[in-house]
Amino acid sequence: MLITIEGIDGSGKSTLLARLHELLADLDPLFTREPGATWVGESVRRAIAERMDPITEALLFCADHAAHIDTLIRPALDEGRLVVSDRYADSRFAYQPVVLDGVLPDPLSWLFRIHEGWSIRPDRTFLLVLPIEDAVSRLGPEKKREYFENAAILSRVQENYLGLAAADPSRFVIVDALLPKEEVARFIADEIRAGARSSRRRPRA
Ligand SMILES: Nc1ncnc2c1ncn2[C@@H]1O[C@H](COP(=O)(O)OP(=O)(O)OP(=O)(O)O)[C@@H](O)[C@H]1O
Ligand SMILES: Cc1cn([C@H]2C[C@H](O)[C@@H](COP(=O)(O)O)O2)c(=O)[nH]c1=O
């Protein structure tokens, strides 16, 4: 079963993942992330830091996703393991349309087409949602942030996430990221456990 955790910068994903490691340890999940689970992720970080052109950046994120699926996600799913990824394809569908706005006529369709035929659809996606000003204040001083991490961009990214969730309500679970950390983690851990139990009863398609 493939679970993904999504949300804007500062929504609490890393904090949540650290707690899920403890709460779900008995299920022996593969915890992984994008970008950064493969060496391709290092080129992505470099592209972000150097403000490479947006198409190069988008394609590097996609290359990281392909390598991530090939080397980690597919093998783990084939072994029947639970996989929990901190960011996944929806990060592309939420962030890159903002960065590619004005560069391509229809960035989201372009991104969907690039993923077609090889990406693996998550079984469930938990989307952490919070007011932009809370996310930005959690991120700390402006000069230390990556260029995505400003209120104007994050507000558009969160709108994109909410659009994706509205279009796919059976996959997305929207979670109030202002709730106390422990409440967020326990709610999501319980949902993952319930999903894992029912997927054991169902053969994989
Ligand atoms: N539910 C919460 N309530 C209050 N503060 C929180 C909550 N979750 C996380 N935080 C705090 O918000 C800050 C950002 O959290 P975290 O690094 O987990 O976010 P993130 O989504 O992983 O960000 P990024 O995508 O930029 O890596 C941290 O200081 C963390 O302690
Ligand atoms: C996977 C992915 C990520 N991003 C952005 C989102 C963040 O601002 C940075 C780095 O991710 P982190 O986990 O918060 O450190 O990259 C993106 O724009 N597109 C993507 O596909």
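User: Where does aspartate 28 lie?

Analyst: Aspartate 28 is found in the loop between α1 and β2. Helices and strands here are DSSP runs (H or I, at least four residues, for a helix; E, at least two, for a strand), numbered from the N terminus. Before we go on: this is a predicted model, where local features need pLDDT of at least 70 and side-chain atom pairs count only at pLDDT 80 or more, while totals for chains, interfaces and linings use all residues. Residues are numbered from 1 along each chain as its sequence is written, chains are lettered from A and ligands numbered from 1 in the order in which they are written, and side-chain values use heavy atoms, with hydrogens and water left out.

User: Why is aspartate 28 called partly exposed?

Analyst: Buried means under 20% relative accessible area, exposed means over 50%, and partly exposed is in between (1.4 Å probe, protein chains only). Aspartate 28 has 48% relative accessibility, so it counts as partly exposed.

User: And why does arginine 51 count as exposed?

Analyst: Because its relative accessibility is 53%, arginine 51 counts as exposed. Its place is in the loop between α2 and α3 (54-78).

User: What makes threonine 4 a buried residue?

Analyst: Its relative accessibility is 0%, so threonine 4 counts as buried. This residue belongs to strand β1. Leaving aside neighbours within four places in sequence, threonine 4 is in contact (heavy atoms within 4.5 Å) with residues including Ser85, Tyr88 and Phe126.

User: Leucine 30 has a relative accessible area of 15%; is it buried or exposed?

Analyst: Leucine 30 is buried, because of that relative accessible area of 15%. It lies in strand β2 (residues 30-33). The C-alpha atoms of leucine 30 and arginine 81 are 7.1 Å apart, though 51 residues separate them along the chain.

User: How do you know that serine 11 is buried?

Analyst: Serine 11 has 2% relative accessibility and therefore counts as buried. Its place is in the loop between β1 and α1. The side chain of serine 11 also reaches the backbone oxygen of isoleucine 8 at 2.7 Å.

User: How much space lies in the largest pocket?

Analyst: About 610 Å³. On a 1 Å grid over the protein atoms alone, a pocket is an open set of points where a 1.4 Å probe fits, with protein on both sides within 12 Å along at least five of seven lines; lining residues have an atom within 4 Å of a point. Grid points are joined across faces, edges and corners, and the volume is the space filled by probe spheres set on the points. Of the 34 lining residues, the closest to the centre of the pocket are Asp9, Gly10, Lys13, Ser14 and Arg87.

User: Which element gives the largest share of that lining?

Analyst: That is α1, with five residues.

Note on methods:
Polar contact = N/O pair within 3.5 Å; in protein donor to acceptor, adjacent residues only side chain to side chain.
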